[in-house]
Amino acid sequence: MTEPPVEGFSGPPGASGSFAASGSRSAVPRMLAERARDLSDGRLTAAVPRDAATVILLRQGAGAGSGAGVEAFLLRRTAELEFAPGACVFPGGSVDERDADPGIGWVGPAPEDFAAQLDVPPERARALVCAAIRETFEESGVLLAGSPAEGAIGLVGDSAALAADRHALLTGTATLGEVLGRRGLVLRADLLTPWARWITPEVSPRRFDTWFFAAALPAGQTATAAPEGHADPGESESGTWLRPGAALDAAEAGEITLLPPTAVTLRELAAHQDVDGILARRRTITPRLPRVTVENGKVRLSMPPLEQAEPGEESS
């Protein structure tokens with residue numbers, strides 16, 4: 001499952017760039033407008049958000065060194081999907097109950113450490129981290145895991161060799177714990193940098209409470225939209241590496257569609273010239289909740305001001 005869509009966030013060509021602006025407001029589709037009025041009048045109860053995790057997969061641009069820039073991996077959702085068809089998103093999806101399995105091998109900061117930064121209980125933090133790594137593997141083929149025999153710095157060096165395992169996860173015939181266990185691997189929680197938290201507007205019939213993590217593409221691994229040798233049973237038709245600024249320019253030109261959480265994140269990444277600088281950030285994670293409001297009969301989508309969404313951000 002790709003990054004959970006935020007309903008009503010995809011707009012006409014060129015709209016995504018304006019959506020990304022701090023505190024911006026824009027019109028919403030008719031269906032959401034009707035739901036907003038029902039919610040405002042008390043005829044509708046907001047759905048409970050489901051936990052989800054998304055990974056901003058990064059690599060240093062070609063020609064490493066000064067001016068090389070950062071690239072992010074984006075998946076293009078298939079045109080047949082009901083929500084945000086064709087939108088470019090980061091790998092991610094809903095937390096599965098099996099992501100909370102305490103038996104999944106783990107290296108790096110403990111769940112309690114993530115819990116403190118994410119402001120959730122340790123059990124929930126563990127499930128979010130496991131979901132982030134599982135979804136990244138399912139959606140991009142990149143596995144943030146390693147072998148204990150290789151020490152704490154060990155990493156999977158050829159994810160293409162795990163195509164069958166990726167396919168098994170996508171089809172639900174295996175769990176992350178089973179895949180790691182039979183391969184003698186443990187997940188590398190230390191490779192994830194918490195970045196942001198987005199909650200789907202209350203007006204949406206399907207809502208997600210999504211934690212964004214940043215991670216570097218491990219050496220030797222390749223990101224692809226479908227497992228090698230298998231038809232893709234997922235929701236993405238293609239994947240590509242783009243510099244954040246180039247992706248935002250393409251959205252402004254109507255060449256691609258970006259959901260606001262994706263666009264805002266790309267705009268934040270564009271301020272950095274190297275992956276290490278991004279992963280060194282230690283951000284204060286607070287919920288970002290866009291709102292659909294009814295004012296004088298008009299329904300508008302309001303984005304949270306970023307200066308309020310990012311208080312106390314620090315770098316290490």
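Strand E9 (residues 193–199) is mostly covered, with seven of its seven residues buried; buried means under 20% relative accessible area, exposed over 50% and partly exposed in between, using a 1.4 Å probe and protein chains only. Strands (E, at least two residues) and helices (H or I, at least four) are DSSP runs, numbered from the N terminus.

This is a predicted model, in which local features need pLDDT of at least 70 and side-chain atom pairs count only at pLDDT 80 or more, while totals for chains, interfaces and linings use all residues. Residues are numbered from 1 along each chain as its sequence is written, and side-chain values use heavy atoms, leaving out hydrogens and water.

Beyond neighbours within four places in sequence, Arg-197 is in contact (heavy atoms within 4.5 Å) with residues including Arg-124, Trp-211 and Ile-285.

Now to the nonpolar cores, which are sets of buried Ala, Val, Leu, Ile, Met, Phe, Trp, Tyr and Cys residues joined through side-chain atoms within 4.5 Å. The largest has 48 residues, and Leu-143, Leu-187, Leu-192 and Phe-213 have the most contacts inside it. Among the elements that each supply at least two residues of this core are strand E2 (50–60), helix H4 (122–140) and E10. H4 gives the most to this core, with nine residues. Leaving aside neighbours within four places in sequence, Leu-187 touches Trp-106, Val-129, Ile-133 and Leu-180, among others. Another core, of 26 residues, lies apart from the largest one, and Ile-56, Leu-58, Trp-198 and Ala-251 are among its members.

Finally, helix H7 (residues 244–252) has Pro-244, Ala-247, Leu-248, Ala-250 and Ala-251 as its buried residues. Seen down the helix axis, these fall within an arc of 160°, so they line one face of H7; the arc is that of the directions from the axis to the C-beta atoms. Just after H7, Gly-254 takes a positive phi of about 80°.
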